[in-house]
Amino acid sequence: TIAPVVTSAPVVTPVAVVTPAPVATVQAKKTKKVKIIEWFWANDGPKGGWQDVWVPYPAIVSAKIEASLNNKDDKCDVGGNRFVDLSDPKAFWQCRTDDPGRRRKVKREEKEQDVSDSEEEEEEE
């Protein structure tokens, strides 16, 4: 009879190493409400209307008027020999510096806009 051979070395079975494939993650964009303030002056309409067409001031001028209002200034120079009279919070007017009696209505609009995190990051750059 043949005696069985016993080895003391452990038997190692090769195992395939599998690296997991990267998992695509989808991150939901977070949105929040941002307050937008815009200022307008009244222009005469093309069909003979009188101060019936609202024209937005450029963003930089709107920001300047808003800053003046927040500082409680009575008026804000908007260029072109004109200023916005802020002395009466119920009625804003754009007036001429050379003839303050000549004036146009001015209005302030406040609205909310949804902005995502990525849009906000772009604006900060």
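Trainee: Why are strand S1 and strand S6 called paired?
Mentor: In this predicted model, S1 (residues 31-43) and S6 (residues 103-116) share 11 bridges in the antiparallel sense. Pairing asks for at least two bridges, so S1 and S6 count as a pair.

Trainee: What makes S5 and S6 a pair?
Mentor: S5 and S6 are joined by 4 antiparallel bridges. The cut-off is at least two, so S5 and S6 are paired. One of the facing positions is Gln-94, opposite Arg-104 in S6. A hairpin through 6 residues leads from S5 to S6.

Trainee: Where do these strands sit in the sheet?
Mentor: The sheet is open, has 6 strands and runs in the order S2-S1-S6-S5-S4-S3, with antiparallel pairing. From one strand to the next the twist averages 35 degrees.

Trainee: Why are S2 and S3 called edge strands?
Mentor: Strand S2 (53-56) and strand S3 (75-79) each pair on one side only. In the strand order, S2 and S3 stand at the two ends.

Trainee: How do you know that helix H1 packs on the sheet, and which strands does H1 touch?
Mentor: Contact means heavy atoms within 4.5 Å, and by that criterion H1 (residues 59-70) touches S1, S3, S4 (82-85), S5 (92-96) and S6, so H1 is said to pack on the sheet. The direction of H1 makes about 165 degrees with that of S3.

Conventions: Residues are numbered from 1 along each chain as its sequence is written. This is a predicted model: local features need pLDDT of at least 70, side-chain atom pairs count only at pLDDT 80 or more; totals for chains, interfaces and linings use all residues. Side-chain values use heavy atoms; hydrogens and water are left out. Axes are lines fitted to C-alpha atoms, for helices over the stretch in contact, and angles run from 0 to 180 degrees between N-to-C directions.
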